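Here is a short briefing to read with the model open beside you. Take it topic by topic and look up each residue as you go.

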Amino acid sequence: LMQLGFMVVPEHLELAVRHDFYDDDLDDEIDYSAVRTISGGANVFFLGGRVKIQLNYVHRYEPGGVEGIGNDTLMAQGTLVL
């Protein structure tokens, strides 16, 4: 796991990039069980950080996955601190 984030506009806009790699069988030379995920997104904060809107794009690469099935995801999430 590796993640990098940068607050572009202090207390209002954060950009982030993340890379994940998981392999449940390190001994296998032809490795179809490995999964690599790369994601990037933005976090926007309002009302002194009490409201956060997240937008993320996630690309998941699975060498042993089924061809023709897309692994790209666009996610949106909102958080409200009471």
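Along the sequence, the protein chain runs in the pattern β-β-β-β-β, and its secondary structure amounts to zero helices and five strands. Helices (H or I, at least four residues) and strands (E, at least two) are DSSP runs, numbered from the N terminus. This is a predicted model, in which local features need pLDDT of at least 70 and side-chain atom pairs count only at pLDDT 80 or more, while totals for chains, interfaces and linings use all residues. Residues are numbered from 1 along each chain as its sequence is written, and side-chain values use heavy atoms, with hydrogens and water left out.

**Burial**

- Of the 82 residues of the protein chain, 15% count as buried.
- Here buried means under 20% relative accessible area, exposed means over 50%, and partly exposed is in between (1.4 Å probe, protein chains only).

**The nonpolar surface patch**

- Phe6, Val8, Val9 and Leu15 together make a nonpolar surface patch of about 350 Å².
- Patches are built from residues with over 30% relative accessible area and no salt bridge; nonpolar side chains (Val, Leu, Ile, Met, Phe, Trp, Tyr) are joined within 5 Å, and like charges within 9 Å.
- The areas come from the Shrake-Rupley method with a 1.4 Å probe, and for residues only the protein chains shown count as cover.
- Strand β1 (residues 2-9) gives the most to this patch, with three residues.
- Leu15 sits in strand β2 (residues 13-22), and it counts as partly exposed because its relative accessibility is 41%.

**The largest pocket**

- How much space lies in the largest pocket? The volume is about 260 Å³.
- A pocket is found on a 1 Å grid over the protein atoms alone: it is an open set of points where a 1.4 Å probe fits, with protein on both sides within 12 Å along at least five of seven lines, and lining residues have an atom within 4 Å of a point.
- Grid points are joined across faces, edges and corners, and a volume is the space filled by probe spheres set on the points.
- Of the 16 residues that line the largest pocket, Gln3, Ala16, Arg18, Ser39 and Asn56 lie nearest its centre.
- β2, β3 (35-46) and β4 (51-61) each supply at least two lining residues, and β3 has the largest share, with six.
- By type, the lining holds five nonpolar, eight polar and three charged residues.
- For this count, Ala, Val, Leu, Ile, Met, Phe, Trp, Tyr, Cys and Pro are nonpolar, Asp, Glu, Lys and Arg are charged, and the others, Gly among them, are polar.

**The salt bridge**

- Side chains of opposite charge can pair when their charged atoms come close.
- A salt bridge is a side-chain nitrogen of Lys or Arg within 4 Å of a carboxyl oxygen of Asp or Glu, and the count by this rule is one.
- The partners are Asp20 and Arg18, whose closest N and O atoms are 2.9 Å apart.
- Arg18 has a relative accessible area of 32%, so it is partly exposed.

- Most residues other than glycine have a negative phi.
- Glu11, although not a glycine, has a positive phi of about 65°.
- Glu11 belongs to the loop between β1 and β2, and it counts as exposed because its relative accessibility is 64%.
- Leu47 is not a glycine either, yet it has a positive phi of about 50°.
- Leu47 lies in the loop between β3 and β4, and its relative accessible area is 63%, so it is exposed.

**Contacts across the sequence**

- Phe46, in strand β3, is 34 residues from His12 along the chain, with their C-alpha atoms separated by 6.6 Å.
- Leu80, in strand β5 (residues 72-80), is 28 residues from Lys52 along the chain, and their C-alpha atoms are also separated by 6.6 Å.
- Val51, in strand β4, counts as buried because its relative accessibility is 18%; the C-alpha atoms of Val51 and Gly78, 27 residues apart along the chain, are separated by 7.4 Å.
- Asn71 is in the loop between β4 and β5, and it lies eleven residues from Arg60 in sequence and 5.3 Å from it in space, C-alpha to C-alpha.
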